[in-house]
Amino acid sequence: MTMKTMMTTQLENGRETQVLLADGLKDLSSHLGEYGRNVLWVFDTNTAKLFKQLPPSNVVLESGESSKTFSSLERILGAALDEGLARDGRIIGFGGGVVCDMAALAASVYMRGCRLTLVPTTLLAMVDASVGGKTAIDFKGMKNMVGSFYPASEVLLSIDTLRTLNDKEFLNGLAEVIKHALLSQNEELYKFLLIKKNEILSRQPEALTTLVELSLMVKKWFIEQDPTETKGIRQFLNLGHTFGHALESSSHYGMWGHGACVAWGTCRALEAGIAIGIGDKAYASGATKLFKSYGYEIDYRIGRGDWIEFRDHLLKDKKKADGKVLFVLLEKQGTASLHPLELQLVQHLVIAKPIF
Ligand SMILES: NC(=O)c1ccc[n+]([C@@H]2O[C@H](COP(=O)([O-])OP(=O)(O)OC[C@H]3O[C@@H](n4cnc5c(N)ncnc54)[C@H](O)[C@@H]3O)[C@@H](O)[C@H]2O)c1
């Protein structure tokens, strides 16, 4: 076996997740083969194509967010029961964030909790969705409304799975990586993104391996400080998401990927920090340039006529105090804080000319 340990995260109640790096799909398959038959695999219609022949016990979900439902959960649980999976059996989620969230939620409730291995196959799932233990489905039109905390004991990474990912999905994950670079307690990831841009964009395997590792180290820091998101630390990982989600949910912007919206939202949050006098201007300007250098449409502004719809989506955000939406803002590298913003300022930031 040639799997290398990349990282171990310690969560509450002595639970830990081991992140292992495979030398390729073959190496990965032989590792997973060691689990024998007491396993159930979960794929989606795209990740199933990465296998010439699917393992015998499997569920293949339709690809995409629309699979994060009770009926997918029921399918996975039904298949587990039909296959005679015991409580010491294992669910293996092989796919992007949707498959990881579904497999993990199913594992958390199957016989009150069975074993769980995640094999993230998108950049987003590698650096974000597969670690930290959050599982969820969407419910009544609300994203991630029903779920649990159930960390995988094992996350297996095979960087070569990223080869088949399309550019939009790759950039979705990369936006979260850049966000991690800004939130990091050190500048290593930020500098790596500056220096290795060409290698990263051309998906050179060594560069991607380091990128994923450095990004995971940042996520690890946040989840270990605040494993169940109750201490107000982990929420800083939502940097850029309040602005970004409002843009993503507004009808005209459906074609923008989630990552493009997060990148845009992070830059609006940087500008908001300057506007209320807490942000370092030189840092915000540099970070905005970093996003631009990776091709994100940072200078984009919404049309005046779209403001009402944008505002209405913004007001649905879960982070609120005294009826005001709270935004994660960045003071400087690694220093985030939560602030209410006047709607007038938000309107100005999303409509007016860019300041950098
Ligand atoms: N649990 C968490 O902490 C957490 C964190 C972040 C995001 N999420 C969730 O993750 C989801 C988004 O994840 P995502 O961006 O990975 O989306 P996804 O799982 O829908 O994958 C994106 C697309 O890429 C395809 N795909 C996956 N791997 C591929 C590969 N190797 N080659 C070719 N195509 C491939 C998928 O079929 C899908 O069409 C959301 O539902 C979000 O809520 C969860």
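At what angle do helix H10 (residues 258–275) and helix H11 (residues 281–293) pack, and how far apart are their axes? The first legend answers this for the predicted model.

**View 1. Packing of helices H10 and H11.** H10 spans residues 258–275 and H11 spans residues 281–293. The two pack at an angle of about 165°, and their axes are 10 Å apart. Angles over 145 degrees count as roughly antiparallel, so H10 and H11 are roughly antiparallel to each other. Their crossing is left-handed. From H10, the contact takes in Ala263, Thr266, Cys267, Leu270 and Ile274. These meet Lys281, Ala284, Ala287, Thr288 and Phe291 of H11.

**View 2. Aromatic pair of tryptophan 41 and phenylalanine 94.** The structure holds 14 aromatic pairs. One of them joins tryptophan 41 to phenylalanine 94, with 6.3 Å centre to centre. The planes stand at 45°, and the pair is tilted. Tryptophan 41 belongs to strand S3 (residues 39–44), and phenylalanine 94 to strand S5 (residues 90–95). The pair therefore ties together parts that are 53 residues apart in sequence. Are the two residues buried or exposed? Tryptophan 41 has 7% relative accessibility and counts as buried. Phenylalanine 94 is buried as well, because its relative accessible area is 0% and the limit for buried is under 20%.

**View 3. Aromatic pair of phenylalanine 70 and phenylalanine 139.** Here the geometry is edge-to-face. The planes are at 90°, and the distance is 5.5 Å centre to centre. Phenylalanine 70 lies in helix H2 (residues 70–82). Phenylalanine 139 lies in strand S7 (residues 134–139). The pair links distant parts of the chain, 69 residues apart. Phenylalanine 70 is partly exposed at 43% relative accessibility. Phenylalanine 139 is also partly exposed, with a relative accessible area of 33%.

**View 4. The aromatic cluster around Trp41 and Phe94.** Which residues form one cluster with Trp41 and Phe94? Phe43 and Phe51 do. The tilted pair of tryptophan 41 and phenylalanine 94 is thus seen again here, within one aromatic cluster.

**View 5. Arginine 15 over tyrosine 150.** Arginine 15 lies over the face of tyrosine 150. The distance from the ring centre is 4.6 Å.

**View 6. Arginine 90 over tyrosine 35.** The charged end of arginine 90 sits over the ring of tyrosine 35. The distance from the centre of this ring is 3.9 Å.

Methods. Residues are numbered from 1 along each chain as its sequence is written. This is a predicted model: local features need pLDDT of at least 70, side-chain atom pairs count only at pLDDT 80 or more; totals for chains, interfaces and linings use all residues. Side-chain values use heavy atoms; hydrogens and water are left out. Rings of Phe, Tyr and Trp (its six-membered ring) pair if their centres lie within 6.5 Å; planes under 30 degrees apart count as stacked, over 60 as edge-to-face and the rest as tilted. Helices (H or I, at least four residues) and strands (E, at least two) are DSSP runs, numbered from the N terminus. Buried means under 20% relative accessible area, exposed over 50%, partly exposed in between (1.4 Å probe, protein chains only). A charge sits over a ring if NZ of Lys or CZ of Arg is within 6 Å of the ring centre and within 35 degrees of the ring normal. Axes are lines fitted to C-alpha atoms, for helices over the stretch in contact, and angles run from 0 to 180 degrees between N-to-C directions. Angles under 35 degrees count as roughly parallel, over 145 as roughly antiparallel, 65 to 115 as roughly perpendicular and the rest as oblique. A crossing is left-handed if the near helix is turned anticlockwise from the far one by less than a right angle, and right-handed if clockwise. Contact means heavy atoms within 4.5 Å.
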